[in-house]
Amino acid sequence: MEELRDLYQEVIVDHSRRPRNFRVMADATATAEGYNPLCGDKVMLYLKLEGDVIRDVAFQGSGCAISTASASLLTESLKGKTTAQAEELFEGFHKLVTGSGAPDKELGKLAVLRGVREYPMRVKCATLVWHTLRAALKGERQPVSTE
Amino acid sequence: MNTTSTEVAAAAGREARGEFDVWRIREDFPVLRQTVHGKPLVYLDNAATTQKPRAVIAAIDRFYTADCSNVHRGVHLLSERATMAYEEARGKVRRFLNAASEREIIFVRGTTEAINLVAHSFGRPRLGPGDEVVLTHMEHHSNIVPWQLLCEEKGARLRVAPIDDRGELIFEEFERLLRPCTRIVAVAHVSNALGTVNPLRRIIEAAHARGIPVLVDGAQAAAHIRLDVQDLDCDFYAFSGHKLYGPSGIGVLYGKASWLEQMPPYQSGGDMIRTVSFEKTTFNELPYKFEAGTPNIAGAIGLGAAIDYLDSIGLEQAAAWEQELLAYATERVGAVPGVRLIGTAREKGAVLSFVMEGVHPHDIATVLDRQGVAVRAGHVCAQPVMERFGVPAIARASFAFYNTREEVDVLVTGLQKVREIFG
């Protein structure tokens, strides 16, 4: 149970049940779609950019607790950041969940997803929305796939 | 009394009453004797693949240790032994299916390859614009996609027979789809997602009455239902070795000789030819016409050993035990708050699919895994079934004869933990 609580922390369970910024953004300036064909997780990400500053972020989709919480936390952590800072967060987050480097102190709330590193089969759930973010920032039209 | 002696006493009691001795049978499966995440393994993913008894592992080991050689080629002793063992395995498959002849038993990689073989070699020459292929809504992707691609290529149409809320085929609707332009019916014997056992005899009779051949995807059935392809009168029957306690990478296509003889080769190369010149190649006789290249010799031998093993414990007895487990699991899992069972057909294989309110199946599977319980989570290669039941994914516990009632209890305790974590 304790081990499982490292993965399913209260914050994660909370964000998965009541995802923040869970809506369609009609006036988005950039969007991208992410899909995990193995488990069927889907995410649609909406960004409103002013110059290189992310003014607003929202998402819609369906998925497991990890992917939903990860998307919800992403939307909270990106508001007001520049695209360069978003890219830095991507790098830091990736290291955090794959355990491939010291987690960046700047990750803030995102650090609750650290437990994912103990569940290799679930890393993709946490990173799907981040890959989708990258696609949105690059203006890619093809849906992002984890496979 | 400690657990072990309780188990021994219970087993002895069952045996005295002529009951199925699951505890003794478990001894035949080395993989089951391990812990995962510090908990005893509870393997409930048998619809994905089954575990292998020692006899199968030993047969493969023996082949590579003593007889390894190519088949149908050398005149030396090892090649003779390998050829004999390979062909003996074919004989075992023939008896297992009660096929009329070994010429009707084609070794392939698995069910998927068997269906592709039929789609390409049987379907392609027969399908034209306006023709139709009839499937059911409960098919696995491997019995959808080969037909879909073929229909696209030929300007033909896929027709899908609907299923009801229990997950049973709506037979009248199916029958209505059988028309003069129907070229083949391709149907699962047992649904991998819902467990539904299809009324094969009725399906085949209805199709044959209109001159339509039937392919049966037997991947989920062959290890659990006694087969007699002559009695069923199916035209093709496909199954995989690895879901029948045998190795992966080997499977079987049964086909009526009268069809197979008319069909062109599916793949070409060595072993499937009679004579080759740069002007003309003539093909080998059945079944070799469909076995191009060096086959999975050890796999076939392992499959033969798996059939011997199933015979030794008795497929009917094993199936009866699985049904007992299914009934117990259906009752107990169905009683967990928030659980909705997906697939409640009156006749089912030992497959229990479900969803839990407010919890994604992947999270269920992760929590269960940490309790030692292996289940499948996802769309289980049956996305149309997910869409039919309005769920993105399911959790699926599937049973084999080596599973126990106690393991069902562990599953239920695990599901209660899921509730605790997700409130």
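This is a predicted model: local features need pLDDT of at least 70, side-chain atom pairs count only at pLDDT 80 or more; totals for chains, interfaces and linings use all residues.
Good morning. I begin with one contact: the side chains of Arg370(B) and Glu3(A) meet in a salt bridge, with 3.6 Å from N to O. A salt bridge here is a side-chain nitrogen of Lys or Arg within 4 Å of a carboxyl oxygen of Asp or Glu.

Residues are numbered from 1 along each chain as its sequence is written, chains are lettered from A and ligands numbered from 1 in the order in which they are written, and side-chain values use heavy atoms, with hydrogens and water left out.

Let us stay with the two chains. The count between chain B and chain A is 2 salt bridges. Chain B brings 15 residues to the contact and chain A brings 20, where contact means heavy atoms within 4.5 Å. Between them the chains bury about 1600 Å², 56% of it on carbon and sulfur atoms. Buried area is the accessible area, taken with a 1.4 Å probe, that two parts lose on being put together, summed over both.

I turn now to chain B itself. Its domain assignment gives domain 1 (3-52 + 314-422) and domain 2 (56-312); such bounds come from an automatic or database domain assignment. The contact takes 42 residues from domain 1 of chain B and 38 residues from domain 2 of chain B. The C-alpha centres of these two domains of chain B lie 28 Å apart. About 3100 Å² is buried between the domains of chain B, with 53% given by carbon and sulfur atoms. Lys52(B), Leu315(B) and Arg388(B) supply 21% of the area that domain 1 of chain B buries against domain 2 of chain B, more than any other three residues. There are 3 salt bridges between domain 1 and domain 2 of chain B.

Next, the largest pocket. On a 1 Å grid over the protein atoms alone, a pocket is an open set of points with protein on both sides within 12 Å along at least five of seven lines, for a 1.4 Å probe, and lining residues have an atom within 4 Å of a point. The volume of the largest pocket is about 620 Å³, that is, the space filled by probe spheres set on points joined across faces, edges and corners. Its lining has 20 residues, and Met121(A), Arg122(A), His362(B), Thr366(B) and Ala377(B) lie nearest the centre. The largest share of the lining, 5 residues, comes from α13(B). Helices (H or I, at least four residues) and strands (E, at least two) are DSSP runs, numbered from the N terminus.

Finally, two details of the backbone of chain B. Most residues other than glycine have a negative phi, and most peptide bonds are trans. A cis peptide bond, with omega about -5°, joins Leu286(B) and Pro287(B). Pro287(B) is placed in the loop between β12 (281-283) and α11 (297-313) of chain B. Asn98(B), a residue other than glycine, has a positive phi near 50°. Where does Asn98(B) lie? Its place is the loop between α4 (77-97) and β4 (105-108) of chain B. Thank you.
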